[in-house]
Amino acid sequence: MTELTHQATQEEIIDIRPTSGWSALKLGDLWRYRELMFFLTWRDIKVRYKQTLLGAAWAVIRPLVTMVVFTLIFGRVAKLDSEGVPYQLFSFTALLPWQLFSKALGDTSKSMVSNRNMITKIYFPRLVIPFSSVISGLVDFGIAFVILLGMMVYYGVKPTSAIWTLPLFLMLALLTALGVGLWFSALNVQFRDVGYIIPFLTQVWLYATPVAYSSQIVSPQWQIIYALNPMAGVVQGFRWALLGTELGADASTTLSVSILISIVILVSGLFYFRRMERTFADVV
Amino acid sequence: MSDVVVRVENMSKKYRIGVAPEKYATLRDAIVETLSSPLRRIQKSLPAGKEADSVDTIWALKDISFEVERGQVLGVIGRNGAGKSTLLKVLSRITEPTEGHVRIHGRVGSLLEVGTGFHPELTGRENIYLNGAILGMKRALIERKFDEIVDFSGVEKFIDTPVKRYSSGMYLRLAFSVAAHLEPEILVVDEVLAVGDAEFQRKCLGKMSDVAQEGRTVLFVSHDMSAISRLTEETIVLEKGKLAYRAPTQEAVDYYLSSGFKTGERVWTAEEIPTQAAPFRPLALRVKNHQGDVVDLVRSTQPFSIEIEYRLVEPIQALRVGLYLRNMRGAYVFTAFDTDNPEQYKAMATRPPDHYVSRCVVPADILNEGRYALGINASAYRVKRYFQDLRALVFNVDGTDAPGKQWAERRRGVTRPRLDWEINQIR
């Protein structure tokens, strides 16, 4: 929509003309507006547990309660295999990246609509909003991660030497959430149906991801199809790096597929977002 | 390099009407429409679809071209829906133009609203940082200006209180203070001064004129003609999305206040006149400004005239034709008849049949700003009331430059006389 050029005088020249079709991503703009991104993230974090009784404890309660439920139903009643790890630890390790992902996805999808007063009154690269929504989820993750470390000590499970790969799996979860979130946030501007799709989608996606169960129960010939869900790779990776469970036979192939899918969703989401961006202020 | 910092060329902006229902368009609608009427969709995308195009779209701005020079403070005025806000939105890059081109040299700071992005749960301090960042201020700049901002807002005591506990006045003051310390090369300001109490409004106006004097380029939109007159030297007038006029502010304001209105007139058709009015036949009632144009908006600082045009089919004795002027609450401002002067009354003891106009001039500095209703009455005292219409015409009075306009407050009272005050010191 606009072009910025710098003259020798360092004076910005802004060209505003109608655009159509696909436009460049202009990720550089994001960097120029990094302070805004920082402040929006900071606002989201700051405000999240305001006027709640338990405050940041919620960041721990949510995964813990889910873990208890999973342990009772899938661990005790259904007696699902947890690859030799205590089921509590087995599910909690998976719940952390999963809840980070589902929260980031939900927040990002809503982000454009919930920030509509800013969008209609001020110019800034709109991408700042979904990006900051994704990042702000990391705080909850960090808090819950401390609990996870405590549990590992309690159960006497030592992290494997592959723990250094954890940030990479974390990144994969965030990028997937961002990619899907970009699509939905742009769609949400026009179609409020997104608000109804997201909880449903997250629910289905949870069962398609080996959070409550072990990915070993998926037969080998389906593993590639299974890898189309990048979150499956993330969850397996987390367990592998922390608990030392099996990564699977064709780990490198399935992981590559997961990463590829994630990148495709992200890049297409970015382009779609940029394309829809120009009408956001008029439609939202 | 020329000194033109904003150049707008043939810029147009089209909106689809029915944006409101479309806003909440659902996927289902889109899918149903796509499936059920592929033909219609194809038609729409063909050039022949242009007709349909003109029906459900509206040009909020059409072919706007103008330039703003460095350091100029340009006013933008126009009626509601004239496209002022759309123009500002395009200039501040919130929305794209449909056609045309805008070139801006320098950073644009836009103030279409104060307090954008304020979060009620955050404290005043936190909101200053957040809002500053949203407005495009660098963190270092906010830090440097922080004390000044707090000082200007006058809410020091509550700076660490969540803004949801603020009174609305405090909230606005803090919000404006952040905005006022923005330092862009080009500032685009919408009606933000229409908020807060009178005292704070004055402070804001003062700050705005400081900005103007610092040589910053400013585009200032307002409905407040006094503010426009005070802050700007040149003004453009938008009418229905088109640039109608550009001139030195005083001229542009005059043009705006008197243009486009042919409604300062009430015409009676034969069917509207009750039979008992005969032989009096009202024809028209008009409000005219001092230049003689029929207007529905007059300036309180200028005299204006009211005329009643009528016909007498037969002679009437002791006729008086007159006016009631009331404000919108129904309070009478005055009642006056064309034969109030005894000599004129005697001279007109019998009015022969003819076509008449009774005209009076309402002197300057009588009416307060606001809306007024004019009624007419034609009667012979204690004999017969021929015709009466208590609400024949409504017109507006604009208070630009009226006494006391240096304060943005709304003055009480239906009149706003220019009184001769003396201030003596008594020792």
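User: Let's begin with the open sheet in chain B: what is its strand order?

Analyst: Two strands count as paired if DSSP finds at least two bridges between them, and strands (E, at least two residues) and helices (H or I, at least four) are DSSP runs numbered from the N terminus. In this predicted model, the open sheet has six strands in the order β5-β6-β7-β3-β8-β9 of chain B, with mixed pairing. Its edge strands are β5 and β9 (242-248) of chain B, and each pairs on one side only. On average, neighbouring strands of this sheet are turned by 15 degrees against each other, direction ignored; axes here are lines fitted to C-alpha atoms, for helices over the stretch in contact, and angles run from 0 to 180 degrees between N-to-C directions.

User: How many bridges join β6 and β7 of chain B?

Analyst: Four bridges link β6 (residues 186-189) to β7 (residues 217-221) of chain B, and the two strands run parallel. Across this pair, B:Val189 stands opposite B:Phe220 in β7(B).

User: Is B:Val114 buried or exposed?

Analyst: Burial is a neighbour count: 20 or more other C-beta atoms within 10 Å of a residue's own means buried, 12 or fewer means exposed, and in between is partly exposed, with C-beta atoms placed from the backbone. B:Val114 is buried because 25 other C-beta atoms lie within 10 Å. This residue sits in the loop between β5 (108-111) and α6 (124-134) of chain B.

User: How many residues does each chain bring to the contact?

Analyst: Residues are in contact if their C-beta atoms, placed from the backbone, lie within 7 Å. Chain A gives 33 residues and chain B gives 41. On the side of chain A that touches chain B, α2(A) supplies the largest share, six residues. Also, β2(A) pairs with β4 (residues 99-105) of chain B in the antiparallel sense over four bridges, with A:Ile13 opposite B:His105.

User: Where in chain A is confidence lowest?

Analyst: The score to read is pLDDT, the predictor's confidence in each residue, from 0 to 100. Chain A averages 87, and 96% of its residues score at least 70. Confidence is lowest in strand β1 (residues 2-6) of chain A, at a mean of 45, and highest in helix α8 (residues 166-190) of chain A, at 93.

User: And how should I read the numbering and cut-offs?

Analyst: Residues are numbered from 1 along each chain as its sequence is written, while chains are lettered from A and ligands numbered from 1 in the order in which they are written. In this predicted model, local features need pLDDT of at least 70 and side-chain atom pairs count only at pLDDT 80 or more, whereas totals for chains, interfaces and linings use all residues.

Notes: Contact = placed C-beta atoms within 7 Å.
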